[in-house]
Number of protein chains: 2
Amino acid sequence: MNTKTQNRRFVVIGGVTAGINAAKAVKRYDPDTEVVVLEKREFIAYDTSSLPYYIANVMEDHRQLIELTPERASQELHIDVWTRHEAMAIYPAENRVIVLDRETGEEKTLSYDALMIATGGVPIAPPIPGINLPNIFQIRTLADGINLKQYMVEHAPSKVTIIGGGYLGLEMAEACNALGMEVTILEKFGNIMGSMGSEITALIETDLREHQVHLLKDVSLKSFEDVDGKCGHVMTDGEQHRLETEIVIIAIGVRPEIALARGAGIEIGNTGAISINTSSQTSIENIYAGGDCTEVTHLVSGEKTYLPLATTAHKQGWVAGRNIVDPGCCVFKGAVGTSVTKVFDLEIARTGLSLMEAKRLGFEATTATISADSRVKTYPGNETITITLILDKKSKRLLGAEMGGREGVAKRIDVFATALYNQMTIREIAQLDLSYSPPYAPPWDPILIAANAGIKKLI
Amino acid sequence: MNTKTQNRRFVVIGGVTAGINAAKAVKRYDPDTEVVVLEKREFIAYDTSSLPYYIANVMEDHRQLIELTPERASQELHIDVWTRHEAMAIYPAENRVIVLDRETGEEKTLSYDALMIATGGVPIAPPIPGINLPNIFQIRTLADGINLKQYMVEHAPSKVTIIGGGYLGLEMAEACNALGMEVTILEKFGNIMGSMGSEITALIETDLREHQVHLLKDVSLKSFEDVDGKCGHVMTDGEQHRLETEIVIIAIGVRPEIALARGAGIEIGNTGAISINTSSQTSIENIYAGGDCTEVTHLVSGEKTYLPLATTAHKQGWVAGRNIVDPGCCVFKGAVGTSVTKVFDLEIARTGLSLMEAKRLGFEATTATISADSRVKTYPGNETITITLILDKKSKRLLGAEMGGREGVAKRIDVFATALYNQMTIREIAQLDLSYSPPYAPPWDPILIAANAGIKKLI
């Protein structure tokens with residue numbers, strides 16, 4: 001295995017999203033290239049974003065989250081998957097990777113013609129006492145999800161504390177609520193959902209209250225109190241300083257896993273993630289990277305940013321694979337930061353920059369907020385959609401959009417995402433010819449109503 | 001009334017969509033202008049597109065379709081509405097309109113500073129024997145809807161024949177089916193939904209069959225057979241030449257109502273509709289027009305076209321009103337022909353040019369069709385979305401898109417509409433950062449899958 005075969009060999013480190021996309025693209029466009037995927041854990045090609053729905057039993061079996069098994073990868077796609085194999089070091093000068101077989105402890109050397117680093121992100125753990133207690137969970141990998149679900153089945157906890165009020169924290173709150181638990185969310189800052197504006201987060205907070213989910217904001221974690229070998233209380237600053245709990249879920253974000261890349265001398269960007277070009281190529285010509293270990297160009301600011309989103313990981317992986325076969329064939333220019341989250345009955349979406357981000361980047365930014373009907377007002381099922389636009393006073397361009405409502409949000413945000421890609425001004429957005437029919441939208445779509453409010457704001 | 005008041009007077013002919021928008025915009029931006037709306041029928045400011053849902057009892061009361069009554073227009077907006085008043089002639093040189101009071105038969109002369117023609121469209125009636133029988137209906141105005149509903153309540157017809165397989169015909173088929181009738185649709189051409197491609201219309205035809213709706217295509221109407229003073233049979237060419245029926249609904253489209261404008265010497269475009277500029281101004285400076293009596297610039301072809309859509313009527317009316325107050329303040333550049341229709345369980349949408357239209361306009365056009373998941377495949381409620389893209393081989397630009405599916409179609413079409421406005425190439429569309437979350441979309445949104453299929457098709 002440590003000598004080159006006659007065919008080119010493409011080695012992928014990390015088999016979840018970007019890595020699998022790269023492997024599939026190489027095999028699709030050059031079946032003769034040997035493709036080896038190294039995955040340090042058991043599962044590959046699963047959908048991380050479905051984990052909360054797996055926990056909630058909306059998707060009952062963990063196999064529903066798996067798009068491709070190692071067996072099918074081998075049989076159908078001729079991709080060689082080595083699970084429980086961890087890349088320990090990359091030697092770019094020699095085009096070699098050192099691989100640890102985690103079952104046998106054996107170390108192997110694997111040569112490559114092209115390499116892909118798709119090591120993903122690592123969930124951030126607060127460095128406080130008690131963090132390693134056995135009823136404290138993080139949700140990142142499919143194995144994490146299976147462990148958590150098994151623990152819940154075995155221990156039937158009735159009180160859960162969720163650390164972090166971002167989208168994963170809220171999705172886990174919904175999942176735990178659906179399982180009948182009493183849920184408390186602790187958020188470090190004064191606002192949930194990161195830098196999202198209060199017009200939209202207020203909708204979420206109302207929804208949480210309606211579902212009897214406790215939300216504590218501006219909370220500093222002190223420690224996880226050990227009670228009989230488990231976390232029995234979460235200790236915080238502030239009034240409610242000792243929160244009884246039976247299980248803790250930490251969801252405070254991820255950082256890029258860059259140790260291997262750094263060790264190989266690959267350039268790390270200012271964001272702390274691996275720097276890649278639009279072909280997903282790192283600073284070393286035959287080493288590519290993609291997914292949550294890399295940074296991405298934000299197409300609104302033009303700057304590199306760390307935006308760990310599945311959509312970006314898929315595209316970066318696919319573009320890497322295609323460029324390995326046919327250099328220069330295609331690019332991935334960057335993202336605008338579009339995301340959508342289901343929070344109980346609400347669809348919450350955003351794209352582009354928040355007001356806070358826009359100001360930090362030096363834009364003379366302002367916002368316009370409207371609420372409008374999702375359908376013709378008197379058509380059954382009509383709901384209210386709230387939209388906040390973030391606008392640049394100077395160029396009159398849209399910088400970002402945030403939306404919330406009980407229907408019609410998830411895919412409406414994509415119109416703003418498309419507008420951002422095209423650097424549309426607010427006046428141009430008001431011209432858009434959007435679909436209308438009483439069951440689906442009013443004749444003036446909420447997007448147009450928001451755009452017209454934005455025009456007024458900028459006059 | 002035939003002398004000018006001190007304030008400017010704005011007279012609007014036609015009070016349904018474009019006319020009311022113009023009236024409201026004038027009052028919003030210049031409350032001192034006197035605004036008189038002439039409406040030859042009883043109702044104003046109602047939503048024509050909701051008529052099928054009113055017939056189907058999804059919206060039970062006709063008042064649910066009315067956005068504004070003459071009384072509220074007067075009291076709240078200070079708009080003077082003259083219902084049952086018909087404009088008979090315009091004298092542009094003298095800035096006067098001759099108005100017939102349809103109740104008293106009295107003729108009045110009304111002077112104006114600015115005039116808006118919003119006479120709408122006239123439903124096309126096939127000029128064949130029996131067309132005036134009393135159980136043959138057209139659905140254009142709210143009065144038409146009320147008449148039809150009353151007839152259905154009184155006569156409880158069990159067999160309906162719908163003439164025309166366009167979106168209104170299909171919506172009426174759904175409505176009549178919901179009311180328990182046996183429905184037959186007669187379509188003159190070999191395809192339903194105008195020039196829409198067969199990949200999408202095939203979905204509709206399957207859906208019609210599942211709902212026991214009979215669809216006869218390539219059918220020439222011969223006559224409506226009089227049986228006891230009613231249409232008892234629809235006579236056609238072809239095999240099933242004598243169709244028993246208890247009621248007939250004609251839905252074969254509209255033509256622009258331009259008699260008044262033509263009489264006033266206003267320029268009529270090649271499309272047969274009133275020619276207006278981006279300020280909704282006709283060839284006579286202080287006469288504006290908008291809605292289904294006017295043509296519109298198609299932003300994909302750049303050519304004037306007749307595209308009677310409510311969305312366009314609203315925008316043209318509003319822009320007319322704003323320009324009457326503040327000339328040059330804003331424009332409506334044109335439409336891309338976006339529409340969506342609910343056909344039983346299906347959402348059917350289109351935007352831009354069909355393949356047939358693109359070829360007629362001289363584009364070297366081709367198509368790419370895909371089917372993809374609306375959500376993550378294993379997430380409950382996932383449905384299949386079918387997308388056909390119409391592409392220009394030369395410029396690699398998107399020219400149009402057609403979509404069908406049980407969910408996620410209505411607002412996804414708007415991404416393509418936004419892409420068309422921005423003249424995006426298919427490669428650019430494949431770059432879009434579209435929202436992803438298992439309940440709403442897969443990580444590769446159907447739009448991206450379609451774009452990637454389009455790229456392949458154009459290589």
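**Close-up views of the chain A and chain B model**

**View 1. A salt bridge across the interface.** Asp445(A) and Lys411(B) join their side chains in a salt bridge, 2.6 Å from N to O. A salt bridge here is a side-chain nitrogen of Lys or Arg within 4 Å of a carboxyl oxygen of Asp or Glu. The rule finds two salt bridges across the interface of chain B and chain A. The elements giving two or more residues to the side of chain B that touches chain A include helix H1 (18–29), helix H8 (310–325) and helix H10 (413–421) of chain B. H10(B) gives the largest share of that side, seven residues. Helices (H or I, at least four residues) and strands (E, at least two) are DSSP runs, numbered from the N terminus.

This is a predicted model: local features need pLDDT of at least 70, side-chain atom pairs count only at pLDDT 80 or more, and totals for chains, interfaces and linings use all residues. Residues are numbered from 1 along each chain as its sequence is written, chains are lettered from A and ligands numbered from 1 in the order in which they are written, and side-chain values use heavy atoms, with hydrogens and water left out.

**View 2. The contact surface of chains A and B.** In contact are 67 residues of chain B and 67 residues of chain A (contact: heavy atoms within 4.5 Å). The copies meet through the same surface, because 100% of the interface residues of chain B are also interface residues in chain A. About 5,500 Å² is buried between chain B and chain A, with carbon and sulfur atoms giving 58%.

**View 3. The five-stranded parallel sheet of chain A.** Five strands in the order S3-S2-S1-S7-S18 (chain A) make an open sheet with parallel pairing. Two strands pair if DSSP finds at least two bridges between them. Strand S3 (79–83) and strand S18 (287–289) of chain A are at the edges with a single partner strand each, so one side of each has no neighbour in the sheet. Neighbouring strands are turned by 20 degrees against each other on average, direction ignored. Axes are lines fitted to C-alpha atoms, for helices over the stretch in contact, and angles run from 0 to 180 degrees between N-to-C directions. Strand S1 (residues 9–13) and strand S2 (residues 34–39) of chain A run parallel, joined by five bridges. Phe10(A) faces Val35(A) in S2(A) as its opposite residue.

**View 4. The three-stranded antiparallel sheet of chain A.** The order S4-S5-S6 (chain A) gives an open sheet of three strands with antiparallel pairing. Strand S4 (85–91) and strand S6 (107–111) of chain A are the edge strands, each pairing on one side only. Five bridges pair strand S5 (residues 96–101) of chain A with S6(A). Ile98(A) stands opposite Thr109(A) in S6(A).

Note on methods
Buried area = accessible area lost by both parts, 1.4 Å probe.
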